[in-house]
Amino acid sequence: MTDLGLTPFLTLSAFLFACGILCFAAKRNAIGILMGVELVLNAANINFVACARFVPSLRLEGQVFAVLVIVLAAAEAAVALAIFLNFYNNHATVDVDEGTELKG
Amino acid sequence: MLDLFRDSPGRLFVAATLLPLVPVVLLVLSGTARNLARPHGRSGGWASSIYWLLGGDHSLKTGGYLTLAAMLGSAVLAVAGLTQYFADAHDPGLSPAQIEARWTERTDWVRIGADRTDHPATALQLGYRIDRLTALLFTMVTVVGSLIFLFSLGYMADEASDQVTDHEVHTDGGHLHRRGRFGRFFLYLGLFAFSMLNLLIADNLFQVFVGWELVGVCSFFLIGFYTERPSASAAANKAFIVNRIGDAGFLIGIAIAFSVFGTLNIQELIARTPADGSTPTGISENLWLAMGLGLFLGCVGKSAQFPLHTWLPDAMEGPTPVSALIHAATMVAAGVYLVGRCFPLFAPDVLLVIAYVGAITLFLAATIATVQNDIKRVLAYSTVSQLGYMMLALGVGGWTAGLFHLLTHAFFKALLFLGAGSVILGLHHEQDLSRMGGLRRKMPVTAYTMLVGVLAISGVPFLSGWYSKDMILADALGFGAAHPRHVLLTVLPILTAGLTAFYMFRLWFLAFAGQPRDRHAYDRAHESPWAMTLPLVVLAAFSLAAGWGWPVWDATASYLGHLLHDGEPAAVAARFGSELAAAHEHHLLAGGLGLLMAAIGLAFAAFMYVARDPTIALEADTPLITLLRHKWYFDEAYDAAFVRPTVALAAAAAATDKRPTASVTDDTEGRRIDPGTLDGALTAVGQLSARLGAWLRTLQTGLVRQYVLVLALTVVVLLGMLTALTRNN
Amino acid sequence: MVESLSEVLPHWAAVVLAGAIAAGLIVAFIGGAAYIFIWLERKVSGRIQDRLGPTRTGPLGLLQSLADGIKLVTKEDTAPNAADRFLFRVAPYLAFCAAFAGFIALPFGYQVIGYDLSVGAFFMLAVLSSEVFGVMLAGYASGSKWSLFGGVREAAQVVSYEVPRSLCVVVPVCVAGTLSLSQIGNQQVGWFWNWNVFHDPFTFVALFIFYITATASCKRAPFDLAEAESELVAGFHTEYSGMRWSFFFLAEYASMFAVSGLAALLFCGGWHTGFLPFEPAERFGFWLGNLLNVAVFAGKGFLGVLVMMWMRWSLPRLRIDQVMMTCLKYFLPISCVLLVGVCVWQLFVPPAVSASVRFVLAFGTVAFVFGVVVSAFALRGAGMPPAGELAGVWAKPAGKV
Amino acid sequence: MTLPVVLFALIAVVTAGSALGVVFSRSVVRAAVWLLFSLIGVSLLYFLLGAEFLGAAQLIIYVGGTLVLVVFGVMLTSQGPFAGPRTRPAEWLAGGLLAGALFALIVSASLDLGRPAPPTDQPLPGVGPLGLTFLGVPEQPGEARGLAFLLPFEIVSVHLLVVLVAAAYLARAKKKVAQPPTPGATR
């Protein structure tokens, strides 16, 4: 394990993060955006766990925060889906570009 | 409970001070609670019931009784404190320092500059200090005050109904009908009493100032008690504003004292000043003068001295007991009391000013009083004149005389006013002397008790007024003898002694003697209820005997006078030793002159209003009388000098702020000035921000993904900056 | 195993090889088990329905499953046009992989386990619950309303039944104090009253709740709403045929055995007979002892599966709303109560009481089972006619009108 | 070139690839499947790193829970064709540029970190210490640990409860029919 440093994990998580951002930008389907969010969160989590593994002072804290992030992500997904269902009830679509009521 | 008072009996006076406040606080708190509870549909429970009991919105008499009870209680406490004080004072076992310690307490209230390092922290303090003057005056105020309260119970009785008709106010539907304000009246009275007492026991100028302002605002409430009457509200405003002028001076004085000496405690200030009245170290001559003059200006305003005397007669608009309270016990006494209390703080020149102001005042007021037909106004001017006497006395070094006169005057002036009130009530709110006459048959008690007061004020021997006025005249004479340049200070008071006798007897003759000039009013006249006559009798007794000592025929032997004399500050003897000595030897001469003048005045009055048909004198119209009727045209002068310019200025200011009228076509004078300048600028700002907002709105596309993109862009930029920075070092 | 291999191979190769062997064994086991289960299902259903079930193919129709397999393999594998081809193809393998992955952490015996995870129980729950994904995908990708409904029902059902199932798993975990399945198994060594199920009343109830919820999350009858023939033609696998279809059933049987094995491990002493006061693998040596262990464990698992079949063929199917209500209104609160109860029990009940309760439960159960079996044998013939008369066409028994 | 490196390489390739799949697949359900693979890859990473509890949690919560929910949502909201609404190439371009820039920046930053001191190969603390940390209980009675993560733990629990209620409230069945989509319509 020692020969596999922290950097590869960080790079992978950066990649996932970028993919998540791209999802935000490119998906018009609300649920697609939600998936992007999940990607971003997972990227963050990879960082946490990798640091927990490779930084001696974070052995516990890294995992703890990863757990917290997972739980919060689940909660966020639930609420987000509820919101989307609501959105769907009102707009008969989940295309976020339709939801422009807040347009200035 | 008792040991609370044992070590520091001065707390008796504190308790007596706070007692009249109790009903007020109760009423205010319960009313507040009630109003807080009301919007939620709840009745407010106990709060509203207390409120109701105190006569908050119903005109129940309970509030009045409660306040009276409180006042009586404080009177009792005051008497107890007085006796205790003199027991201490005559206790050989107690050194003055111990007495001082027993009767003085103070605590820091607001610390100022505690963080400053360059000078020690100073503090606004709360505290009390009881000395002879305070104790005596305090007792006087509480006693007279409770008598007046009792009187008001009778006088304001018709306020205690839900439907009061005010005959002075004419609305389109006949007279004004309003709810009675019995409870409110006594609320004000209680507050008034509290403020005055607080002012009396205060040991520092700041607390005095607080009481000062409270007294002012209470007088405002009470003078304007009949709010619906324009004259009443105008008088209230006048009193308030004129007092503000004086208070401004007072504040300046306080500010100087605080900034120079770092303390406002009167005793400390006195300790700093040399006994001979020369300027203390650490303060420039002019500043010292300014401080003295400022303090005195405050007293001028409160005790209605010469330049600012115009408000007092107008204050007659208030209910008569209020006039009695203001004139006799509380408000106007404050000024004289303060001058007495701070006597050592006044430089000799300031004292001279005081003396002259007093002299001018007493003469002016007396002259005006001779021609007034409104019974209360006559009394009002007499008050001003008597206050002038006191000021004069203080100015010429007659510390004892002035304050002695303050005490005695309190009694007989209260008596006179209450008598006047009883007359007015008996005549169903008829105040015009020219329509009275012969009332002694209808209301004997009032008549003869008032006669006592008249005799007392005009200095007839063996009545309280005699002793004090005699002393004042003596001091004035002595001063005149010592300083021939200031002979005016001797002449005016002696002349005025005659004037006083004249107008007071004129009043009594017009009111009670002779034949009734208004048969209708006369028939409806009746004697007042016991609640009003009892105070009259008691006060008559006081004004008869307050000054007595043994032997009674010796004007200098007054016991009260001696009590006061022992409390005289050292500075008096140190500064005015020679004058007082001179006064002592001229005493007999002064008394004789005073009596002579009084006799002349009495005779003249008797000739004009008893021997001759009073109407001739009443209708007489010579330039001099016109001048006097117009009170030397003071009001007109002030009106022209101050009021009109102020009003004009205000109008101009208002004109600049006129709103531009809706239609552009018509052209009010406001539109030319304003939209270009003030509103123009503001409107420009508003429109600018509105446009900015309208532009910013367009950024709000409502497209989530754009927001995300912007967000990501921000992150990228920030991260890039961060990286660049970390790279560099 | 890895150690013994790494003597002759480099470490990584040893690990890979060990993994490969373990995977092969598991696949083989699943295959064999499925073979037996298919045959068993037919037999059980037949018996319950007064039929013989397969008799012709081989002895007792044992080759029936083989015949089915051949048929399935040779059958044409169609995919509807409306389907999303990619997902349609992926779905069965997803389902199977999930069920298969469950066995990784399932100890068959003393140290006979694919990978001894320290969170084995948790892991099992995780992978078994992710089997539903394949089913949903299948339902969605088929492009058919029937399948879609099936998928949606499956999703709702499984996601909600996961909760009480997990809670019921936590109950014995509270007793054991570890999530590692092998440790839990080791703890229950010895006599059968050491089993968790008899530890206290709550675990006793928890076993049954777990078993029912597990059945539901395996979408077995009476909870097989996802493939309710009476309403949706065949539910999520309406459009499937041939090999892919069979994968779903491999997955189903695999998960059935997995949950039964989980139940056995958590509650019923895992691989322990309950009548040997020692660990066989230590007394009889590793291989011999574990032979016994694996046999016992597999027996317990098969028993569980058998009961599931029994339930399937004897109970009517619930309505979907009933299914959801049963879970959310009854199982969820009950399992919460159980969880709290077991904690309270361990904290506050004095050891004497708990021990006595344990024995009462254990012997009571044994006595009950014994009584049932005895009465069953006593009553045979009265309830069910002997098999011989059922051969061939149904004939009225003589003497009966 | 040891086993962990190989495994990491494999898992990383799978994860990253399926992340790309999430981005570029037009059908939401396919995206979901790719996401599934990606998440499983991440959980495998956790196992590789020795955080078994996290790996299992990732599986049960993401794969068994969140993702099922997502697909559930898709099934409830998708109408007709598998393909969702299209995105303009400009947006793709902008997003791609941004994502690329972000990726580059983060990678450069993480490279700047350099290699931290290689840790001893001791395994990560398991689920036991983790739970004790959450509850703030010291592992051995002797050692002192404040209420380390009790507060976040409680907060998260309450948060979950709130979310439960909120989701139920938001997604409750409306009694009104969904009107046809009117762009920019304000209701």
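I started with the fold: along its sequence, chain D runs α-α-α-α-α-α. That gives chain D 6 helices and 0 strands, where helices (H or I, at least four residues) and strands (E, at least two) are DSSP runs numbered from the N terminus.

A note on the ground rules: this is a predicted model, in which local features need pLDDT of at least 70, side-chain atom pairs count only at pLDDT 80 or more, and totals for chains, interfaces and linings use all residues. Residues are numbered from 1 along each chain as its sequence is written, while chains are lettered from A and ligands numbered from 1 in the order in which they are written.

Next I checked confidence, using pLDDT (the predictor's confidence in each residue, from 0 to 100). Chain D averages 77, and 76% of its residues score at least 70. For the complex, I noted an ipTM of 0.76 and a pTM of 0.57.

Then I turned to contacts (C-beta atoms, placed from the backbone, within 7 Å). Within chain D, 48% of the contacts between residues at least 6 apart in sequence join residues at least 24 apart.

Which chain A elements face chain D? I found 73 residues of chain A in contact with 81 of chain D. Elements giving two or more residues to that side of chain A are α1 (6-26), α2 (30-54) and α3 (59-91) of chain A. The most come from α3(A), with 26 residues.

Terms used:
Two residues are in contact if their C-beta atoms, placed from the backbone, lie within 7 Å.
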